[in-house]
Amino acid sequence: MTTVDPRADLSALTGPGGSGLRFTVGQYVALTKPRIIELLLITTIPVMFLAQGGVPDLLLVLVTLVGGTMSAGAANTLNCYLDRDIDAVMHRTSKRPLVTGTVSPRGALTFGLVLTVVSTLWLGLLVNWLSAWLALGALLFYVVGYTLLLKRRTAQNIVWGGAAGCMPVLIGWSAVTDSLSWSAFALFMVIFFWTPPHYWPLSMRYKDDYATAHVPMLPVVERFVVVAKQIVLYSWAMVAASLALVPLQRMGWVYLVAAVVSGGLFLAEAHRLLVRAKAGAGEDVLRPMRLFHFSITYLTVLFVGVALDPIWHLALPGLR
């Protein structure tokens with residue numbers, strides 16, 4: 001439920017002038033923001049490998065991903081329904097189906113609610129009810145907590161609202177073990193601290209869009225140097241959380257190298273942004289999208305390490 005690509009709308013590719021069943025289906029799929037759901041693959045599958053201590057049941061992986069995809073799609077659809085007024089005035093979101101009129105508000109609301117029910121039953125009946133309630137909780141928090149209560153009221157919206165995007169790691173762990181653990185919560189905190197350094201650079205790039213829509217993202221209400229300082233602080237907390245997994249789960253060299261190298265590069269990029277912001281550089285010199293795009297690479301590398309470590313476990317001294 002966290003942004004992956006600022007242009008992640010299939011509707012932008014099809015446009016408002018199409019017709020026919022294939023076009024209509026594509027517009028409803030666009031409401032689910034498919035590229036955002038790619039984060040499910042990046043985080044859920046590796047955590048299932050870690051929880052299993054090796055390769056999990058592949059059918060369970062598939063069933064969990066289908067249920068998680070439907071749940072995230074429901075949340076994104078309801079988000080589009082509730083945000084259709086501000087989407088209409090933001091250039092970045094002006095081609096979404098509810099803005100162009102290719103999907104009606106009633107149709108979007110019905111689609112989102114049906115996906116909510118189906119995804120909850122799917123996970124509950126085919127995986128386990130703990131995973132189902134976690135997915136439903138994430139959906140409700142994203143729709144009610146973030147979209148309705150936080151997004152338009154506070155500059156800390158993405159900090160607390162981003163917690164919904166952390167839930168796939170808990171869902172992946174519970175799908176395998178039907179329980180939760182401190183290791184799962186450590187990875188939850190990695191994504192929690194990762195979300196602001198991931199999203200605020202995007203908000204810096206589209207600051208005028210958010211200002212026009214009266215959405216108080218941090219770069220709208222604070223100077224870029226303040227935003228950059230916050231990005232650095234959250235980045236250090238993110239790396240610390242990633243390293244906390246090592247003793248908690250007795251991770252080996254594979255994960256440690258992935259965490260240290262990718263985390264070090266992330267911190268270097270965050271500090272580069274801060275140095276340029278302190279120098280008073282404009283958005284064209286700051287190039288915040290560099291950090292935005294690298295944040296996706298960071299998460300991918302880190303969670304590849306999560307998946308590979310239990311398979312090719314090279315124990316660290318003292319953690320055998």
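Met167, Pro168, Val169, Leu170, Ile171, Gly172, Trp173, Ser174 and Ala175 are the buried residues of helix H10, buried meaning under 20% relative accessible area, exposed over 50% and partly exposed in between, with a 1.4 Å probe and protein chains only. Helix H10 spans residues 167-177 and is mostly covered, with 9 of its 11 residues buried. Helices are DSSP runs (H or I, at least four residues) numbered from the N terminus. The cover over the buried residues of H10 includes helices H3 (34-52), H4 (58-82), H8 (129-150), H11 (182-205), H14 (224-249) and H17 (289-308). Asp178 follows H10 and has a positive phi, near 55 degrees.

The model is predicted, with local features requiring pLDDT of at least 70 and side-chain atom pairs pLDDT 80 or more, whereas totals for chains, interfaces and linings use all residues. Residues are numbered from 1 along each chain as its sequence is written, and side-chain values use heavy atoms, without hydrogens and water. The chain has a mean pLDDT (the predictor's confidence in each residue, from 0 to 100) of 91, and 94% of its residues reach 70 or more. Residues 1-16 have pLDDT below 50; beyond near neighbours in sequence, this stretch makes 58 contacts in the model, a contact being heavy atoms within 4.5 Å.

Val117, Leu121, Leu125, Leu126, Trp129 and Trp133 make a nonpolar surface patch of about 640 Å². Such patches comprise residues with over 30% relative accessible area and no salt bridge, nonpolar side chains (Val, Leu, Ile, Met, Phe, Trp, Tyr) being joined within 5 Å; a salt bridge places a side-chain nitrogen of Lys or Arg within 4 Å of a carboxyl oxygen of Asp or Glu. Areas follow the Shrake-Rupley method with a 1.4 Å probe. Helices H7 (105-126) and H8 each give two or more residues to the patch, and H7 gives the most, with 4 residues. Trp129 lies in helix H8 and counts as partly exposed because its relative accessibility is 35%.

Notes
Patch = residues over 30% accessible without salt bridge, like charges linked within 9 Å, V, L, I, M, F, W, Y side chains within 5 Å.
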